[in-house]
Amino acid sequence: MSGQAPDPTVSQPAGSPPQYTIVLAPGHGGAPSTQKEDKWDPRTRSYLGRYLYGDIYKNIHEHRLVLPLSMELQRLLTLTESAAGWQEFEKILSQFSTQQKFPRIVLKSHLTRTDSYDDHNFSKQDDRNHAAWRLYDYPDARTGRMQPGRLSRINALKPWLVVAIHTTPAGRSQPGGMGVVLAPGYQTFNTLRLISLGQKSIQSFYRMPWADKFLITDRGWSQYEGARSDAWVYFHGWKTRGGRSLRRWPEMNRGLRQNMLTWRYADPPGWEKLALRNEAGPYSTVHKNFRATGPFWDRERGQAEAWRREGGPLGYGGDNYYASDQLLRYVQYGARLQSSQLRRKGALNGIIKPFVSAYTLPTYVNAINAYLEIAHTNRSKDRQLLEKKYYQQTARSLAVGIYALFQQISLKPGYGPWRPRAAALDFKKYADLPGGNYFEQVVK
Ligand SMILES: [Zn+2]
């Protein structure tokens, strides 16, 4: 990816089609970790976490499985950039739609990666096994100079939409399916904080539509304990233990993530030293002394984040949920539309309930984020959509789905239980915010 993106829509000459920047982010890519190798924490000047290698089942590796689909999807979106390509793209749209004509838009797309560490022959200890695929900013192994991680490189492109493509392991009793990854917003995490402070009842957690979807990160925990620990990570950068404990878990430093990437909302240099003092304010690691002040917390309490992550067309999860669910529906609908084999009863698994936690990507980009766990790696019925026979079809379904997020289309009737919803996503309200275009503000 280059650091420079064209300014979408606003700078287009009159009469040319609107252009939107999209980032496609196939998961992972770096080598399996032997030590802490990602999540550089400027506070402690150390890596806090292992490199997230992704899922493995037998000899099937997630980072390999998601790549052909992502690259084919980019090829299809690129068709919208030229008049000749557009004719081909329109043919794909008309395969799905009852319409004859489609308004032209340009979907200018970028891939976060086109290869993995094992396409290279770095020696085992070489930092380059991880460097290009790290999520957070990191110091160059030779010079010590800070380098942009994946989050910073995505934000530098100022995308309107980020589509992340991953696979996940299924437990023994899990038949499979596809799901979306969501991070709640300030409203939800602040409710969790107020419960811990005794200012709200625990019922206010159980009444949330999120309650039964929170990831249980630690064995023996309830969903409430998982959510409460996520709230700690969100506010303080530390997990808390389960049970009655309401103190930080000293070994579980997760970092003040808003300051571990390059974007408008990082605190000014010197925050590392202030953070070490642990005084009342935005760096306090005591719940009751925490104050939501500074650029990141202003963003978090703002309108755009509420739209993106809370409430919205599906009742919770905001526009991120709408976009993600819509793309999975397109994969389901498009699989059946394009293949009579996949139309057969039981040929595919359905859409499962969302994965919910204080996830990084949905939180730390100024873009609508469709984060897809598109298959369970160890379920062949899921995996087939990414493998040789069907990945090109799946890419077509996603390309049509992405177009339909920007420009409503009418679909042919039929093709199974997961029909996409009719409405396009309201990107315009973000572009028209009084403070300026949300998507383009992400970097200074
Ligand atoms: Zn993954």
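Author: In this predicted model, 58% of the 444 residues of the chain count as buried.

Reader: What makes a residue such as Thr285 count as buried?

Author: Its relative accessibility is 9%. Buried means under 20%. Thr285 therefore counts as buried.

Reader: Where does Thr285 lie?

Author: In the loop between helix H8 (271-277) and helix H9 (295-300).

Reader: Which residues does Thr285 touch, leaving out those up to four places away in sequence?

Author: Trp232, His236, Trp238, Arg248 and Asn278. A contact here means heavy atoms within 4.5 Å.

Reader: Why does the radius of gyration agree with a compact globule?

Author: The rule is 2.2 Å times the number of residues to the power 0.38. For 444 residues a compact globule would come out near 22 Å, and the chain has 22 Å, so the two agree. Along its principal axes, the C-alpha trace spans about 65 × 50 × 50 Å.

Reader: How many helices and strands does the chain have?

Author: The chain has 16 helices and 14 strands.

Reader: What share of the contacts with a separation of 6 or more comes from residues 24 or more positions apart?

Author: Such residues account for 69% of those contacts.

Reader: How many side chains are positive, and how many negative?

Author: There are 62 positive and 37 negative side chains. Lys and Arg count as positive, Asp and Glu as negative. The centres of the two sets lie 5 Å apart.

Notes
Residues are numbered from 1 along each chain as its sequence is written. This is a predicted model: local features need pLDDT of at least 70, side-chain atom pairs count only at pLDDT 80 or more; totals for chains, interfaces and linings use all residues. Side-chain values use heavy atoms; hydrogens and water are left out. Helices (H or I, at least four residues) and strands (E, at least two) are DSSP runs, numbered from the N terminus. Buried means under 20% relative accessible area, exposed over 50%, partly exposed in between (1.4 Å probe, protein chains only). The place of a charge is taken as NZ of Lys, CZ of Arg, CG of Asp or CD of Glu.
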